[in-house]
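Thank you all for coming this morning.

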Amino acid sequence: MYSPDSGGEVHSRPRLAVSSCLLGQAVRYDGRHKRHNWLVDTLGRCVDFEPLCPEVSIGLGIPREPVQLTGDPRHPCVRAVSHPDRDVTADLQAEGHAVATTLGGVAGYVFKSRSPSCGLFHVGVLTESGRIVHSGQGVYARVIQKACPCLPLEEESRLDDAALRENFVNRLYTYQRWLSLCAAGLSAQRLLDFHARHKYLLMAHSPEDCRRLGRLLSRLRDADLFVLAREYLAGLMAGLMQESATTRHVNVLQHIVGHLKQGIAASDKAELLAVLEAYRHREIPLAVPVMCLRRHVHCCPDEYIGRQWYLWPYPDELELRDHL
Ligand code: SF4
């Protein structure tokens, strides 16, 4: 987790909240688990897990009768499948509110998909007409999302998609750096430096948000620092959620090459541009041009580019850019 060219900085180890069943804990209604191998075996080498099972926490026991979402898909209830009069909605909501107050030092949350408690997207809801509509959200997950709107959230089935997986891990480590910034003491100068170091990372997802947040920070002198910082964080996390297309990465890589051009020999520049073209045509993964740029910054240090988190956003051992 050492980033040799980012001034010897180490990625600090995020705490990640996870639905307990995804970590191999046998807490499901049927006494089984739903271990997610990548989460446990790969990401688990770089993060500390905080296992959470709301259904066990509210005392439903293991094993237990399964529950399901029922009623209005926009505001469903959670009821026992074979005893619909047993409604645990309020208990799960209360659990969500209680847990949300403990997530201050957590940098992300991975939920079990399709769960009436934990699912984030497209959870099945049994409507009054007896149809199943896949537009619900787990009752507990909904409370967490509302209470922690900037916290990176994802559900496990989406982590099987290389681009969504990378997007989540990118947000997780960015949020962890934000927590470190707050722990060190927020100041106007530190906030400006934080933005400067995340400029290319954000630009790869949303050039518009990058410009907008730059304008926002230009008001720092006249604004309440903490109010503005909250607005900044919300904009940053929303921007990073946007899909990062190849063309956007190419744009960022070209900006970096353009910034470095004074210190690059003509032959090195030609090689960098050739690598960039190969990436543009998807002949090589994003990891290759990024490694070339790192090598260059290592040989010819450039303080501004060398401190860009775009070049080392998370531990290399996750190998996420090998699949982009
Ligand atoms: S999906 Fe959520 S409530 Fe269900 S077993 Fe997993 S952690 Fe517990």
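Predicted model: local features only at pLDDT ≥ 70, side-chain atom pairs only at ≥ 80, totals over all residues.

Let me begin with a question: leaving aside its neighbours within four places in sequence, which residues is Tyr 310 in contact with? The list is Tyr 200, Leu 201, Ala 204, His 249, Val 252, Leu 253, Ile 256, Leu 286, Val 290 and Arg 321, where contact means heavy atoms within 4.5 Å.

Residues are numbered from 1 along each chain as its sequence is written, and side-chain values use heavy atoms, with hydrogens and water left out.

Tyr 310 belongs to the largest nonpolar core, which has 87 residues, and together with Leu 103, Tyr 109 and Leu 191 it touches the most other members. A nonpolar core here is a set of buried Ala, Val, Leu, Ile, Met, Phe, Trp, Tyr and Cys residues joined through side-chain atoms within 4.5 Å, and buried means under 20% relative accessible area, with exposed over 50% and partly exposed in between, using a 1.4 Å probe and protein chains only. There is also a second, separate core of nine residues, including Ile 58, Leu 69, Val 125 and Val 139.

Now the chain as a whole, which has 12 helices and eight strands; these are DSSP runs numbered from the N terminus, helices being H or I with at least four residues and strands E with at least two. Of its 324 residues, 51% count as buried. The radius of gyration, taken over C-alpha atoms, is compared with a globule rule of 2.2 Å times the number of residues to the power 0.38; because that rule puts a compact globule of 324 residues near 20 Å, the 22 Å of the chain agrees.

Let us turn to the sheet. Four strands form an open sheet in the order E4-E3-E6-E7, with mixed pairing, and two strands are said to pair if DSSP finds at least two bridges between them. The edge strands, each pairing on one side only, are E4 (77-80) and E7 (132-136). E3 and E6 are parallel, over two bridges, whereas E6 (residues 123-126) and E7 run antiparallel and are joined by four.

Finally, is Glu 156 buried or exposed? Glu 156 counts as buried, because its relative accessibility is 10%. This residue lies in the loop between strand E8 (153-155) and helix H5 (162-184), and its side chain reaches the backbone nitrogen of Ser 113 at 2.7 Å. Beyond four places in sequence, the contacts of Glu 156 include Leu 22, His 36 and Val 110.

How values were computed:
Polar contact = N/O pair within 3.5 Å; in protein donor to acceptor, adjacent residues only side chain to side chain.
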